[in-house]
Amino acid sequence: MKDIYLDCNATTSVLPAAVTAASAAMAQGYGNPSSTHATGLQAKAMMDGVRKLARRLLGTGEGRLMFNSGATEGIQTAVLSALCALRERRDAGQRIGSLLLYGATEHKAVPESLAHWNRLLGLNLTLRQLPVDTDGRHDLGALGELIGDTAMLCTMAANNETGVISDLTSIAQLLHQRGADAYWMVDCVQALGKLQLNLAATRIDYAPFSGHKLYAPKGIGMLYVRAGAPFTPLMMGGGQETGQRSGTENMAGIAALGAVLAALGDGTTFRSHAELAQFRTRLAASLEQALPGIVFNMPFDLSLPTTLNFSVPGLSSKELLDLFDAAGVRVSSGSACSASKALPSYVLEAMQVPQWRASSAIRLSFGPLSDEAMIATACERIERCGEALRSSCLLPSALAPLAALRDGVTELSVDGRTAWLLTDAASASCVVIDPLAALVPRIASFIRCQDYRLRAIVQTATSQEGDAARQALAAALDITQLDAFDAQDRLAFGVGLRRVACGDAAAYVLGRDFAFVGALAPQAAIAACGDAVHPDTVLCASRDDGSVCTTVRAAQHEVTTGAPQLDAAGLAAFLRTHAHAMVIDVREAYEHAACATNVFDGCAVHSVPLSRLASEVAGWLQEPQRALVFVCRSGNRSARAAACLHRLGHQAAWQLNGGLAMATLATRPSLAFAA
Ligand code: PLP
């Protein structure tokens with residue numbers, strides 16, 4: 001299955017013509033442009049040619065245009081230049097503003113550089129965020145108030161998370177009207193190839209660019225500096241780039257960038273704004289069809305046509321990422337994910353987007369090289385993702401639910417806390433233990449979609465929050481008399497769910513196989529349960545500390561050993577020498593439904609989603625000699641599963657390091673060294 005790469009705001013592939021140009025620069029035109037012999041002169045001619053092209057396309061006029069390693073370097077150089085000039089002016093007794101003002105949605109390279117050089121140069125100016133409005137555009141009212149006291153202003157041309165295009169014309173007008181003498185940097189990284197630029201005709205002092213956001217390789221960038229704007233080199237040495245940026249030039253990168261700029265100039269290689277906008281409309285329509293309730297986090301009419309940022313009620317960015325990745329669609333999470341909690345996107349927070357959207361956003365971005373066929377396949381796969389969610393009962397659906405989900409114990413986690421769902425196919429009924437408000441829509445959707453009868457909602461400890469979640473779940477399922485309903489059914493689930501009191505809290509024991517112990521310490525729960533549990537009873541907690549579950553025996557003889565790891569190259573050999581090994585894919589059911597292919601050719605792979613691991617551990621513990629190899633998308637979930645089995649005493653549990661991503665990489669030998 002070919003990747004559909006929709007993460008171009010992070011980086012792009014390299015234009016084939018750029019690969020050719022870089023190869024030629026390395027194979028034939030390898031000269032040092034500072035050398036005075038013919039090989040050097042030829043290299044210099046190539047570099048001068050690329051600079052000329054860049055100057056024309058960016059409209060740099062008399063300004064400086066230097067090659068560097070990318071936008072982070074360009075930003076440093078711009079900030080250093082402006083701040084050195086400010087220090088000189090202040091030392092000479094001139095008045096300078098007291099603020100270093102930057103847009104609240106800037107790339108982190110901007111505030112971090114401002115803070116760094118402000119500190120190093122001992123300027124002690126005040127860093128201040130310029131707020132944005134709910135469309136993500138700079139608050140011009142606030143800018144008007146602050147600009148008189150601003151020493152340096154940093155705004156971006158277009159945002160990398162949302163694609164929102166800044167109103168640079170109004171900002172420039174404001175600077176002009178107020179006679180502001182602030183130095184102005186505009187981060188043009190996401191604008192290159194997508195917005196018309198004529199830099200010398202503007203008031204912009206500094207504009208950094210990065211090659212790898214537009215089909216050039218990583219490690220090559222450019223910085224524009226307006227004629228007359230202060231400049232201080234960041235790197236001193238051999239005086240390359242006419243002393244502006246020392247260090248022998250990245251000639252392969254410059255050649256590749258030249259090929260990209262030539263493509264940009266030819267007017268035919270890259271798609272027009274209108275064509276890209278049409279692609280975005282098609283992608284948005286497929287997303288809307290696949291993901292009911294989807295909310296887009298950017299105004300379409302004010303954004304680059306190549307970026308979509310969205311959130312889906314009830315689905316975390318991690319789940320959506322896993323799902324898209326399984327379908328071979330590479331998108332990125334708009335919000336950083338820590339171990340158990342999704343950190344909200346500061347860009348969306350600055351736009352005052354509700355918290356749930358800022359924490360669960362997905363960014364989908366394509367580039368001006370995208371074509372019809374790629375967009376059509378992307379739409380098809382996105383729609384398949386929607387079907388996968390429906391068949392997994394994560395979205396309301398008329399599709400037949402996957403049989404694998406009908407019976408057993410399922411862990412549902414959010415923000416480090418866990419609810420448990422017990423499903424019994426024979427009686428078509430279920431019980432919910434310790435519901436959480438954030439999971440109510442998901443649980444309700446699951447129960448409806450399975451057409452199960454909810455027999456009880458129980459809590460291992462009473463709390464206002466838990467009570468509210470219970471009431472909300474009952475309401476979502478049209479259950480009116482929650483108390484009567486509970487009293488009648490509490491003990492009646494399947495083989496019997498027994499409540500065992502432990503102080504103010506309780507454990508719920510299902511048969512003798514599972515004990516749901518809530519927040520109780522395992523030892524306390526075991527003592528309270530007495531004969532109701534045996535050494536192999538699986539203990540399931542309401543806190544998701546990454547350990548999935550434990551057993552009575554393991555809780556009593558705590559052992560912590562790391563599970564051994566296999567790399568993709570070693571897996572085949574391992575499977576040859578372990579004939580009865582079981583490969584267990586712990587990705588969730590919706591990921592399987594989104595992806596038809598098995599990357600382990602010729603090897604049966606068992607699907608046991610991590611959320612269903614507790615259901616299966618007892619069976620695996622019966623066969624302690626049998627090798628178990630856990631796999632998942634990136635290696636995190638399989639590491640948790642293998643570590644859990646080890647902790648429970650199964651010494652033959654392994655995990656595939658790096659996950660399926662590395663297994664695919666191993667089939668591409670030229671890249672395998674990267675693993
Ligand atoms: N500015 C913006 C808006 C970006 O998107 C990025 C890259 O993510 C950067 C700056 C940093 O660019 P580079 O990777 O070239 O250092």
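Because the model is predicted, local features were taken only at pLDDT of at least 70 and side-chain atom pairs only at pLDDT 80 or more, whereas totals for chains, interfaces and linings use all residues. Residues are numbered from 1 along each chain as its sequence is written, and side-chain values use heavy atoms, with hydrogens and water left out.

The protein contains 22 helices and 27 strands, where helices (H or I, at least four residues) and strands (E, at least two) are DSSP runs numbered from the N terminus. Along the principal axes, its C-alpha atoms fill a box of roughly 85 × 60 × 45 Å. Of the 675 residues, 55% are buried; buried denotes a relative accessible area under 20%, exposed over 50%, and partly exposed the range in between, with a 1.4 Å probe and protein chains only. The accessible surface amounts to about 27,800 Å², and carbon and sulfur atoms account for 53% of this. Accessible areas come from the Shrake-Rupley method with a 1.4 Å probe, and for residues only the protein chains shown count as cover.

A contact is defined by heavy atoms within 4.5 Å. Among contacts between residues at least 6 apart in sequence, 67% join residues at least 24 apart. The mean positions of the 55 positive and 60 negative charges lie 4 Å apart. In this count Lys and Arg are positive and Asp and Glu negative, while His and the chain ends are not counted; each charge is placed at NZ of Lys, CZ of Arg, CG of Asp or CD of Glu.

The surroundings of the ligand include Gly70, Ala71, Thr72, His107, Met156 and Asn160, and also Asp187, Val189, Gln190, Ser210, His212 and Lys213. A polar side-chain atom of Thr72 is 2.5 Å from a ligand oxygen atom. A backbone N or O atom of Ala71 lies 2.9 Å from an oxygen atom of the ligand, and a side-chain N or O atom of His212 is likewise 2.9 Å from a ligand oxygen. The ligand taken alone exposes 390 Å², of which the protein buries 86%.

Ser170 belongs to helix H6 (residues 168-177). Its relative accessible area is 19%, so Ser170 counts as buried. The side chain of Ser170 forms a polar contact of 2.5 Å with the side chain of Asp167.

Leu199 is placed in the loop between strand S6 (183-187) and strand S7 (206-210), and is buried at a relative accessible area of 1%. Beyond its neighbours within four places in sequence, Leu199 contacts Leu58, Gly59, Ile204, Ala207, Phe209 and Tyr224.

Most residues other than glycine have a negative phi. Cys393, not a glycine, has a positive phi of about 65 degrees. Cys393 lies in the loop joining helix H12 (372-391) and strand S14 (408-414) and is buried, with a relative accessible area of 0%. For Ala428, phi is also positive, near 50 degrees. Ala428 occurs in the loop between strand S15 (417-424) and strand S16 (429-433) and is partly exposed, with a relative accessible area of 26%.

Notes:
A residue is near a molecule or strand if one of its heavy atoms lies within 4 Å of it. A polar contact is a pair of N or O atoms within 3.5 Å; within protein, one must be able to donate a hydrogen and the other to accept it, and residues adjacent in sequence count only if both atoms are side-chain atoms.
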